[in-house]
Amino acid sequence: GDDGHRTDAPGVTANMFEWNWSSVARECTNHLGPAGFRGVQVAPPADSLKRTSLGNGSDTVLHPWWEVYQPVDYTLTSRMGTAAQFAAMVSTCRQAGVKVYVDAVINHMTGQGNTSYGGQSYTHFSYPAVPYTAADFHQKGTGPNDCSSSSGGIEDFNNVHQVFKCELLGLADLNTSDPGVQSRLAAYLNTLIGYGVSGFRVDAAKHIGQADLDAIYRQLHRTKDGLRPYWALEVFGGGPGILSPQAFTTSGSVLGLDGVKQIRDAFKSYPDQHIGSLATLQVFGSGSGLTPSDRTLSFVTNHDTERNGDALSYKDGSRYLLANEWLLASGYGSPQVFSGFTFSSPDDSPPSDANGIITDADCGTGRWTCTHRNPGIVGMVGWHNYVGKAQRANFYTDGDNVIAFSRGNRGWAAFNNGTSPKTITVQTGLPGGDYCNVLASQRSGSGCTNGAPPVHVDSHGLVTTTVGPSGAVGLDRANKL
Ligand code: LM2
Ligand code: CA
């Protein structure tokens, strides 16, 4: 997606999954901006399926979270709010220094139901409010724009024809190689850019393919900052050749979904919940087979992986926070912190009214996972921003579950995923002096906030410190006394 102009590159972002627009705006002003988050990813804002009855079998949730992945048209009347609320959110966030990135569902239209949150009626392959008609879709058949699998769905995820042109989960598959479809998709994305949006997480990008993605991207306008939009492609791993995440890095950035599994395995060996080995993270990144850092949106989890076993999640408690703190320190990718809602069954809706309209997020209820507000996370966001692009150095590991490293001579951090405290004496790369541990405090005048004791670095750069179980220590020169 790089046409020679400068492309928006996000700093640390928060993925506020299905937080409604007024709650995202509030978080931008009160928490995300002040903490140093430079962007926020929001859930798909297009008008979508609104279910009116339960499906078959074990279906018990009328308005599952996944209704938003079934677009009906590109007006912005959604479970998260109105177009006016969306517009106000984007402008409020930008004023708080937080750019907005939108989850764009452009591979398909809805595959079930007949009415939407915006009150539109439709049938499979006919969505008059866009409008799309049957000619705008890949359909079961043998023509050049048809899907030739016997079911009309993707039966073989290694078959490039099926992956691009057959239905994913029965969702009506847009003929994204058609110029008329491309221009309607680009018009939707350009409307969002017009509101001040800075880029996109492209849902199911693997099922669109490089050529069609590039044709759509070429039609996008510059952002309000004069940059080409960020373009983060959702391509899960495991496919051969041109179906691999690596093969999409010529079209944009990609989501770090293979990294999600490596992080899970380092922090918590799956599936028996033994502790893994943080020592393995010494080469995490391109050194462990992942896509290049400057082309990757990195995260510990997203809305899919927190439900499918691929990732650590809020249910892992302090170990989940530790993994996020480590990712913010690691220097790999554009790190993203996930805040969603709690669930017991995988289909559960976020807190909503009886019509499925999502109610204001409240961190006091235990129903919303407010990871972005956690003081340790906030401390490491500041640390991340302060160390910038400084190279990792002074890597230490006990060969098990304690690691430490510096980023140039700007910051140093240690992480303990073991079950008992560990005292280490290691080189920090920092000038001698007293520092506040950013996980628990900040510099305030000549002392550290919260009554936290300063951490001493000697004149040779050595520190002796004890890192608690599931704990971390983070020092940077902005918090040197
Ligand atoms: C994605 N990335 O490529 C999203 O990250 C993922 O969350 C989406 O699936 C998927 N692709 C399609 O956009 C979710 C959810 C599915 C759900 C779909 C569509 O994980 O379970 O599928 O959204 O809402 C549901 C039903 C499924 C049914 C389908 C179509 O669970 O059984 O398929 O709707 O009616 C017959
Ligand atoms: Ca497709």
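Colleague: Which residues does the UniProt annotation "domain: Alpha-amylase C-terminal" cover?
Modeller: Residues 393–478, according to the unreviewed UniProt entry. Keep in mind that this is a predicted model.

Colleague: Switching to helices. At what angle do H8 and H9 cross?
Modeller: Roughly 10°, with the axes coming within 9 Å. H8 is residues 318–330 and H9 is residues 375–387. An angle under 35 degrees counts as roughly parallel, so H8 is roughly parallel to H9.

Colleague: Which residues meet there?
Modeller: From H8, Leu-321, Asn-324, Glu-325, Leu-328 and Ala-329. They meet Gly-376, Ile-377, Met-380, Val-381, Trp-383 and His-384 in H9. By class, that contact has seven nonpolar, three polar and one charged residues.

Colleague: And Tyr-74, where does that lie?
Modeller: In the loop between strand S4 (71–73) and helix H2 (83–95).

Colleague: Is Tyr-74 buried or exposed?
Modeller: Buried, because 20 other C-beta atoms lie within 10 Å and the cut-off is 20 or more.

Colleague: What does Tyr-74 touch?
Modeller: Leaving out residues up to four places away in sequence, Tyr-74 touches Ala-46, Val-130 and Tyr-188. Tyr-188 is 114 residues from Tyr-74 in sequence, yet their C-alpha atoms are 6.2 Å apart.

Colleague: Last one: which residues come nearest to ligand 1?
Modeller: Of the 13 around ligand 1, those are Trp-66, Tyr-69, Gly-111, Gly-170 and Ala-204. The shell divides into six nonpolar, four polar and three charged residues.

Definitions and conventions:
Residues numbered from 1 in each chain as written. Chains lettered and ligands numbered in written order. Predicted model: local features only at pLDDT ≥ 70, side-chain atom pairs only at ≥ 80, totals over all residues. Near = placed C-beta within 6 Å. Nonpolar A, V, L, I, M, F, W, Y, C, P; charged D, E, K, R; others polar. UniProt positions renumbered as here; feature names shortened; annotations may be inferred. Axes fitted to C-alpha atoms, helices over the stretch in contact; angles between N-to-C directions. Helix = DSSP H or I, 4+ residues; strand = E, 2+ residues; numbered from the N terminus. Parallel < 35°, antiparallel > 145°, perpendicular 65-115°, else oblique. Contact = placed C-beta atoms within 7 Å. Buried ≥ 20, exposed ≤ 12 C-beta atoms within 10 Å, placed from the backbone.
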